[in-house]
Amino acid sequence: MGFEEKFSLKGKVALVTGASYGIGFAIASAFAQAGATIVFNDLRQESIDKGMAAYKEKGIDAHGFVCDVTDEEQVKAMVAQIEKEIGVIDILVNNAGIIKRIPMIEMEAKDFRQVVDVDLNAPFIVSKAVIPSMIKKGGGKIINICSMMSEFGRETVSAYAAAKGGLKMLTKNIASEYGQYNIQCNGIGPGYIATPQTAPLRETQPDGSKHPFDQFILAKTPANRWGEPEDLQGPAVFLASEASDFVNGLILYVDGGIAAYIGKQPS
Ligand code: NAP
Ligand code: GCO
């Protein structure tokens with residue numbers, strides 16, 4: 001096999017959850033460029049329509065499904081339909097996620113549960129739905145989109161940190177339990193990436209100045225910039241391809257160096 005073929009996704013079917021825009025869209029677009037057939041889902045038909053138009057603009061013939069990843073029955077029905085109409089899912093990216101930024105002692109239990117439901121329980125539900133066919137087919141790849149909050153805490157994100165920390169351990173457990181079936185389950189831990197999820201942290205202030213969080217992130221990031229969704233494309237293709245067949249249970253931090261850095265010294 002040629003070296004480039006090791007990174008090819010030709011003939012593979014990839015399901016990327018919550019991929020109408022943002023990180024999921026960038027990852028799915030890279031998979032398509034590497035040769036995969038793209039399937040994505042989102043909560044509303046409106047998001048699917050927007051996503052389909054965006055993929056089409058890039059020349060990608062994607063398949064979109066309305067499906068709430070926290071609903072096991074909906075997920076089972078979607079996976080069955082994909083397997084029947086498109087093929088067995090070779091690559092799953094658990095990307096759909098939400099965040100609620102609320103100080104912990106002000107947060108209601110129902111909000112905490114909702115974040116854990118989308119960011120942790122759903123990756124369990126979707127992985128559980130695709131693994132049996134991966135086993136029958138002889139292997140597969142699962143990539144869980146983790147976070148800096150899989151390792152670190154910060155004010156207001158207790159539920160998100162708890163869920164993403166849990167997702168790191170779910171990743172290691174899927175690798176441990178199903179590695180024997182040639183299934184590799186790894187995580188990507190993005191740093192701070194410019195998407196709608198982080199838009200409130202980057203908003204220009206009424207006086208025209210940058211949001212204080214913007215300076216905070218630049219000072220924390222040796223690369224001295226926010227990440228772009230495209231920064232995740234190479235790492236995702238690597239973890240979806242044969243090139244990573246002996247990599248299992250890894251969380252690959254794609255963070256411009258945040259996790260390595262103690263922070264900028266005072267000038
Ligand atoms: P985003 O811009 O908010 O996009 C998230 C996507 O998930 C949206 O398409 C959303 O659909 C979908 N979604 C939410 N709940 C869903 C559900 N129950 N069922 C199906 N789809 C659902 O987020 P992003 O910044 O691209 O982030 C993608 C992933 O990366 C998330 O897991 C996030 O936590 C993680 N992450 C982001 C960053 C960052 O800095 N941006 C860093 C580290 C990790 P709707 O639009 O219809 O709600
Ligand atoms: C926040 C951010 C983060 C990032 C990301 C970091 O409020 O701190 O939204 O949680 O989105 O997950 O890796």
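The structure is a predicted model. Ligand 2 sits in the largest pocket, and 14 residues surround ligand 2. V247, the second topic, is found in a loop between a helix and a strand.

**The shell around ligand 2**

- Of the 14 residues that surround ligand 2, the closest are R101, R154, P190, Y192 and Q197.
- By residue type, the shell around ligand 2 consists of eight nonpolar, four polar and two charged residues.

**Polar atoms beside ligand 2**

- In the case of R101, a polar side-chain atom lies 2.6 Å from an oxygen atom of ligand 2.
- The side chain of Y160 also provides an N or O atom, and an oxygen atom of ligand 2 is 2.7 Å from that atom.
- M148 takes part through its backbone: a backbone N or O atom of M148 lies 2.8 Å from an oxygen atom of ligand 2.
- On its own, ligand 2 has 340 Å² of accessible area, and the protein covers 96% of this area.

**The loop residue V247**

- The loop that contains V247 runs between α8 (233-240) and β7 (251-254).
- Leaving aside residues up to four places away in sequence, V247 touches Q184, N186, F238 and L239.
- One of these contacts, N186, is 61 residues apart from V247 along the chain, and the C-alpha atoms of V247 and N186 are separated by 7.7 Å.

Terms used:
Residues numbered from 1 in each chain as written. Chains lettered and ligands numbered in written order. Predicted model: local features only at pLDDT ≥ 70, side-chain atom pairs only at ≥ 80, totals over all residues. Heavy atoms only, no water. Near = heavy atom within 4 Å. Polar contact = N/O pair within 3.5 Å; in protein donor to acceptor, adjacent residues only side chain to side chain. Areas by Shrake-Rupley, 256 points an atom, 1.4 Å probe, with all protein chains shown as cover. 1 Å grid on protein atoms, 1.4 Å probe; cavity = no way out; pocket = protein on both sides within 12 Å on 5 of 7 lines; lining within 4 Å. Sits in = over half its atoms within 2 Å of the grid points. Nonpolar A, V, L, I, M, F, W, Y, C, P; charged D, E, K, R; others polar. Helix = DSSP H or I, 4+ residues; strand = E, 2+ residues; numbered from the N terminus. Contact = heavy atoms within 4.5 Å.
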